[in-house]
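Hi,

Here is the structure I promised to pass on. Have a look at it first, and then read my notes below.

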Amino acid sequence: QIQSKMSLFLASLLSFLILAYASDMELIRLHQHKYCNDGSPAGFWIRNGTNPSKWVIYLEGGGFCFDKVSCASRWQGSPSLMSSNGWNAKRPANGIMSDDHTINKWWADATAVYIGYCTSDSFSGDVTVSNPDPRTLNINFLGSRLVPAIIDDLKERHGLENAREVLFTGSSAGAEGLWVHADNVAEALPKAKVRTLVDSGWFLDFEPYKQGDCSNLGACTEQGALQMGVKIWNPKVNRQCQAANPGASVWRCILGYHAFPFVRNPVFVMQFGFDAAQMGHDGIYSIPSSGPELLYAQQAIANLTTTFQNTRLQAYFSPNCYRHTIVESSSGFRGLSIAGLTLSDAIWFWFSEKETVIQVKDNCITPNCNPTCNS
């Protein structure tokens, strides 16, 4: 009995030590690539894994700006999303980037890369200005160049050239960037099996519950903001999609179900049924619990399912939670499940081709009806 208690104690102590000393990610700046809105250098954080052939590459989210007013507000309220000058030298490795096997059992041994977001264009823009300065709204939009520059640096100096398994992922605006870069990243790594995991980036463009005035991103539909944004970003997106959606229609190449049919790289979509950002863009700013708001939100779930079916999406996981983004959250990534299947396992079964078709969604139809929503 004493030995049993000692074993439990040692197991608990080991678990604590793993959590306490889980590796941080170290910042690398690319001083030759001044691609942030303010002309500061692009950068990424990296945690070296124990398996040099296995990588997770993540695009940070954080919305975008689409006109002078929204860009000025972004600079005032979230300067770290427009400049790398204030970035911390270290950041915690959470969720799918964690090296803690109790959180991230399938990818804990991988090298994890967190690509910082400082271009405000869903990683799509191609605009260079002289003497950039967000205070005067003289701004670069260079997200289309930032990702390839970092991939090249990872190949040349950090061992990505030796990768054989690469999960390319991102959340929200970072997930929108995946539509832009997925095929190019796969082409840049011909020796690797590259797969794309989209977290909370399958936005819809159906009629909103309440039309906002677009005075800021939260008061604008996603499609409305993108339509304005592409006018100032000069986006360079998936080539096939851009050819099919020329000129002002190019915004579709950043919006999930419009962009997906043109992406050749296999895609897994993680999308909440009651996505909080989608609800906000459509004029519902808190959990829709009753009345017309709930009816609208439930119709939005039906619309979401329709887009999955119409695009013949083979891999998705859609819990009916009122939430936005998950793979960067250690507790959420570890705990979220549908009918006993965890998100982590679903992604791995798809990536490893144990299951080529994974189409999992909640059957309940009220916000947070899934008991793991608040994991």
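**Disulfides**

The link of Cys-36 and Cys-118 is left-handed, with -70 degrees about the S-S bond. A disulfide here is a pair of cysteine sulfur atoms within 2.5 Å, and in this pair the S to S distance is 2.1 Å. Cys-36 sits in the loop between strand S1 (24-30) and strand S2 (42-47), and Cys-118 in the loop between strand S5 (111-115) and helix H3 (143-157), so the bond ties together parts that are 82 residues apart in sequence. Helices (H or I, at least four residues) and strands (E, at least two) are DSSP runs, numbered from the N terminus. Both Cys-36 and Cys-118 are buried; buried means under 20% relative accessible area, exposed over 50%, and partly exposed in between (1.4 Å probe, protein chains only).

Before the rest, a word on the source: this is a predicted model, where local features need pLDDT of at least 70, side-chain atom pairs count only at pLDDT 80 or more, and totals for chains, interfaces and linings use all residues. Residues are numbered from 1 along each chain as its sequence is written, and side-chain values use heavy atoms, with hydrogens and water left out.

Back to the cysteines: the structure holds six disulfides. Counting bonded cysteines along the chain, they pair as 1-4, 2-3, 5-6, 7-8, 9-12, 10-11.

Another one joins Cys-321 and Cys-373, with sulfur atoms 2.1 Å apart. This link is left-handed too, at -85 degrees about the S-S bond. Cys-321 is buried, with a relative accessible area of 0%, and Cys-373 counts as buried at 2%.

Then there is the disulfide of Cys-364 and Cys-369. Its torsion about the S-S bond is about 70 degrees, so this disulfide is right-handed. Cys-364 is partly exposed, with a relative accessible area of 28%, and Cys-369 is partly exposed at 25%.

**Helix H3**

The 15 residues of H3 should span 21 Å at 1.5 Å a residue, and the end C-alpha atoms are 21 Å apart, which agrees. (The expected span is 1.5 Å times one less than the number of residues in the helix.) The buried residues of H3 include Leu-146, Val-147, Ile-150, Ile-151 and Leu-154. The buried residues of this helix pack against S1, S2, strand S3 (54-59), S5, strand S6 (165-171) and helix H4 (173-188). After H3 comes Gly-159, with a positive phi near 95 degrees.

**The cores**

A nonpolar core is a set of buried Ala, Val, Leu, Ile, Met, Phe, Trp, Tyr and Cys residues joined through side-chain atoms within 4.5 Å. Which residues touch the most other members of the largest one? They are Leu-154, Trp-202 and Phe-268, out of 108 residues in that core. Not counting residues up to four places away in sequence, Trp-202 touches Trp-179, Tyr-257, Phe-260, Leu-304 and Phe-308, among others; contact means heavy atoms within 4.5 Å.

**Confidence**

The chain averages a pLDDT (the predictor's confidence in each residue, from 0 to 100) of 94, and 94% of the residues score at least 70. Over residues 2-21, though, the pLDDT is below 50, and this stretch has four contacts in the model beyond near neighbours in sequence.

Cheers
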